[in-house]
Amino acid sequence: MYVILLAGHYLRTKYIALVSIISITLGVATMIVVNSVMSGFSCEMRDRIKGILADVIVETHSKDGTAAEDTLVLMEKVEEVVGDKIDAMTPTVEIYGMMSFDVAGHPFHRPVTLVGIVPDSKNRVSPMAENLMTRQAIYKNGELVLPPLRDPALPLNWDLTPEHLERRKDRAYEMQMREQMSVEFGSTSTVPGPIQPVSNEVDAEAASLDPFLVPAALESSEGEESESSDPFSNSADPFNSGAAAEQQDPSQPLSARVFVGAGLVTYPYRDPQTGEVEIGYLVQPGEDVNITTIKTGVPEPARFKATVADVFKSGMSEYDSTLVFCNLEELQYARGMLTGPDVSHPHDNLDWRNGQITTLQIKLKDYQDADEVVRRLRSELPSAYFAVNTWEQKQGPLLEAVKVESAILNVLLFLIIAVAGFGILGIFYMVVVEKTRDIGILKSLGASSSGVMSVFLTYGLSLGMVGAGAGVVLGLLFVHYINEIEGLISSIMGHKVFDEEIYYFQKIPTVVDPLTVFLVAVSAILIAVCASILPAWRAASQHPVKALRFE
Amino acid sequence: MRTLPMKPTVPHLCAVALDKAYRKGQHRIPVLRGVDISAQEGEFISIVGQSGSGKSTLLHLMGLLDGPDVGEVRLKGDRIDNLPSGGRDRIRNQVFGFVFQSYHLLPELSLVENVLTPLLIRHNLFSYWRHRAEFREQATEIIERVGLTHRLRHRPSELSGGELQRAAIARALVASPEVLLADEPTGNLDAHTGSEIMDLLCSLNEDEGLTIIMVTHDEKIANLSQRIVRLTEGRIQELEEAA
C-alpha cells in the first residue's frame, strides 16, 4: 500500500523527474506524428497508384499484344477462371510513344506511355474520373477558386466540356482569320500547321455532312448552324496527307481523344506580382496534340492527331509526367491492331473487341483474394505469353522503399526515446540518492527490500505512463491540427512549409494507426521502467543503518 | 495497565555477547566487544555512553537494523537476529517501534500519513482498504495522545522539533509495538521540549507497560528511566538502578 502512496507523492512533488520525462513525451509525440504522416502519405500514394493501376494486371510479354481474335477469348478465360472474385475488368493497350505540340510556334516533344482505355470499364477498375481536372475544384491557399467544371460523378467519357468546346471554336476562328489575312496579304504565316485555303460554300455543306463528326460533340455544341456554315472545311484539301479523309471542321474535336498527365502539359511558375506559385498550361483541353508511336510487327512509326479532352492529375508524379490515356479503338487503329469492318473506310465503326490488346486490368471484389487470383490465373494462362501480377508486385520497389524509409525513421526515433531512457536513469539515480534516508526510515519501519524496490519501479512506471500519456495526447493533437500548425509556421516563416504544388496535396494527409500509437506508448513506458530498475535496485540494497545516517 | 512479567527468568528482549566491528579500509574497528544486556517486560532502560561508545550500534543490533558479528539477540527467549530478511522485516514492523534523534519523518507525507506508515507497510492494498477507517481512527487517537490533533494535515517541514519528535513517537506507537527503541530522542531538542518528550515516554512506560530501551548521553535524561546501562568503548561498564 505504501508503495502506491509514496510513488504517487514522489510523482507529485519531484518536478525534476517530471522534467526528465519531457524527453519521453516529446519522443512519443514525434513518433506518433511521424508515423501518422508517413502512413498518411503512403495511404494516399497507394490510393493514387490504385487510381491508375488495377488490383491485378494481366499483360502480354509482347508489346504487340494478343492476337486480335484472342481478346475476347482471354477475357472469357479470365471470367471463367476467377469470375467469382472479379468486380470489373478492362482491356487496355500500353505502348511507348511521343506526344508533340506547339506552343507559340515552338515545338514541344514529350516521351510518354500511351494507354488505350475504354472509359466506363476503366473507371470501374480504377476510379480515375476524380483525377481529371475538369472534375476537380481548384483551391488556392485553402480557398475555392473555381468549382468543378462538371459533376465529378458523371460517367467517364471523352466529351469536352462546353467551355472547352467554345474555346476550341474561338481558336479555330482565330486561326482561320489569320490564314485569311495571310492569303489576302500574301504574307508568310508563322502559324504552324498546314496552310489551308478558304473553301467555298459547297465545301461547307460537305463539312456539315461529314460522317466523321463526333456525335457527342454535335449534341453538346450549341452553334450548329455556325458550324455548318463554317467555310473552314478541308475535306478536299489537296495538300493533306493520308489523314486527309479524317480532316474535318477544326472547331469540332477529333475522333481521337486523350487525357494527358498534368506533368506533361503544365509547369509551375512564380507570379512576379503576387509571388505565389501558379500553374501554367502549355496545352489546354480542346487543343490538339500529335501522337507518335509504333505500329505492331515491324516497328514503323504511327502518327495521329488527337484532341486533349482533359488533363489528369493523380498526384503520382511518375504517372502525371508520363501517361497519356487515349481511346482504345483509336490507339488500336493507329497501331494497326484494329480495322473497321468496311475495307474502304477502315476508320469507320471501330470496335475494340475486334482488335488486339496488351493488358487486361482487373478489379477484385476483395483485395484479400489477390494472391489467390494471381495464382489461379498464372496456372491457367500460358506463361509464355502472359504475366500476371498484383499492382503491389508491379510497384514493389516503390512500396518497399517507403516501408524501409519508415522503418529506419522509426528505429532512429526510438533511439531518441532510448536516449531519453538514459536521462531518466540518471535523474532517477539522483532521486534515489536524495531519498536514501527515507529508504532507511522505511526499512526501519519494516519495509522489505522488494517493497522499497517496487516503490521506485512503480514511480518509474507512473512517470513513464504520465510521459507517454502526455506524448500520446500531444502527438494526436498535433496530428489533428497539423494543417493549422503548418499554416501558422508558414505565416511566421513567410513561405510555405508544405507547398501543395510540390506535394500535390491540398492538406497534409495523416492516418493514425491505433496499434502503432499503443505500441509506441507501451515501449516508452517500458523504457521508463527499465531505466528505473538500476536505481530501484540500488535503493533496495541500501543498508538501513547507513541509509539512516546519510545526510 | 501494568503487567508483571509472566516468566521473570525469560527477559523480553536481550542481547547475548554481542560483537560488532566496522571496517574502515584495511582496519577493523571494534565497536561492541561482548555486550550482554537484557530488558524485562515493561522495563525502561537507558543506555548511556560517550560518542563512539557503541550505544547506537547496540540499539540498531537489538532492533534488527543491523546484524552482529558474534552473539545473539533474543526476543522472549527466541533468537531473532538470524532470521531470514522477511522475518526480520516483520519483527521490525510488528514488535519494535523506533524513535530517532533527528525524527526521520518522510517529508512528502502529511503527519497523519507519516503516522500511518507502519500500518501501510504491514498491509497490502486490499486489506488496508478494508480497514482504512479503523486505521485512521487508530492514528488519530495516538496523535491525540501525543497532542498533535491540530496538525493532522501538516507536512513535517511545517512542524517544530518537539512536534516532530511527538509525531515520530506516534508513528512508533501506531502499530502497537512491544518494545520502543529510542535513539537520543531528546538530542536535537531544547531542555524544556526534551523534558516534555521524556514525560511522554515515561507515561507510556508507566501507563501502558511499554518496554523502552533508550540511548542517550544526557545523565539527567537517563535518570528518568528505571535502569541505566553504561557503555564505554564497547563494553558494559556498570549497571545501576536509576535514582
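## Helix packing in chain A

Helix 3 (residues 22-52) and helix 15 (residues 396-434) of chain A pack at an angle of about 175°, and their axes lie 9 Å apart. Helices here are DSSP runs of H or I of at least four residues, strands are runs of E of at least two, and both are numbered from the N terminus. Axes are lines fitted to C-alpha atoms, for helices over the stretch in contact, with angles from 0 to 180 degrees between N-to-C directions. The two helices are therefore roughly antiparallel to each other (over 145 degrees; under 35 is roughly parallel, 65 to 115 roughly perpendicular and the rest oblique).

Helix 3 of chain A contributes residues including Gly27(A), Val28(A), Met31(A) and Val34(A) to the contact, and helix 15 of chain A residues including Leu409(A), Leu413(A), Ile416(A) and Ala420(A). Contact means that the C-beta atoms of two residues, placed from the backbone, lie within 7 Å. The residues of this contact divide into 11 nonpolar, six polar and no charged. Ala, Val, Leu, Ile, Met, Phe, Trp, Tyr, Cys and Pro count as nonpolar, Asp, Glu, Lys and Arg as charged, and the others, Gly among them, as polar.

## Basis of the model

This is a predicted model, in which local features need pLDDT of at least 70 and side-chain atom pairs count only at pLDDT 80 or more, while totals for chains, interfaces and linings use all residues. Residues are numbered from 1 along each chain as its sequence is written, with chains lettered from A and ligands numbered from 1 in the order in which they are written.

## Interface and cores

In the interface, 25 residues of chain B are in contact with 20 residues of chain A. On the chain B side, helix 2 (85-94), helix 3 and helix 4 (125-145) each give two or more residues. That side has 10 nonpolar, eight polar and seven charged residues.

The largest nonpolar core has 120 residues, of which Val28(A), Ala524(A), Ala528(A), Leu58(B), Ala170(B) and Ile213(B) touch the most other members. Such a core is a set of buried Ala, Val, Leu, Ile, Met, Phe, Trp, Tyr and Cys residues joined through C-beta atoms within 7 Å. Helix 20 (residues 514-540) of chain A gives the most to this core, with 12 residues. A second, separate core of 68 residues includes Val125(A) and Met316(A).

## Sheet in chain B

Four strands of chain B form an open sheet in the order 2-1-4-5, with antiparallel pairing (strands pair if DSSP finds at least two bridges between them). Strand 2 (27-39) and strand 5 (78-79) are the edge strands, each pairing on one side only. Strand 1 and strand 2 of chain B pair over 10 bridges, and Cys14(B) stands opposite Ser38(B) in strand 2. Helix 1 (residues 55-62) of chain B packs on the sheet, touching strand 1, strand 2 and strand 4 (70-75), and its direction makes about 120° with that of strand 1.

## Individual residues

Most residues other than glycine have a negative phi. Ala17(B), in strand 1 (residues 13-24) of chain B, has a positive phi near 50°. With 13 C-beta neighbours inside 10 Å, Ala17(B) counts as partly exposed. A residue is buried with 20 or more other C-beta atoms within 10 Å of its own, exposed with 12 or fewer, and partly exposed in between. Tyr103(B), with phi near 65°, is buried, with 22 other C-beta atoms within 10 Å.
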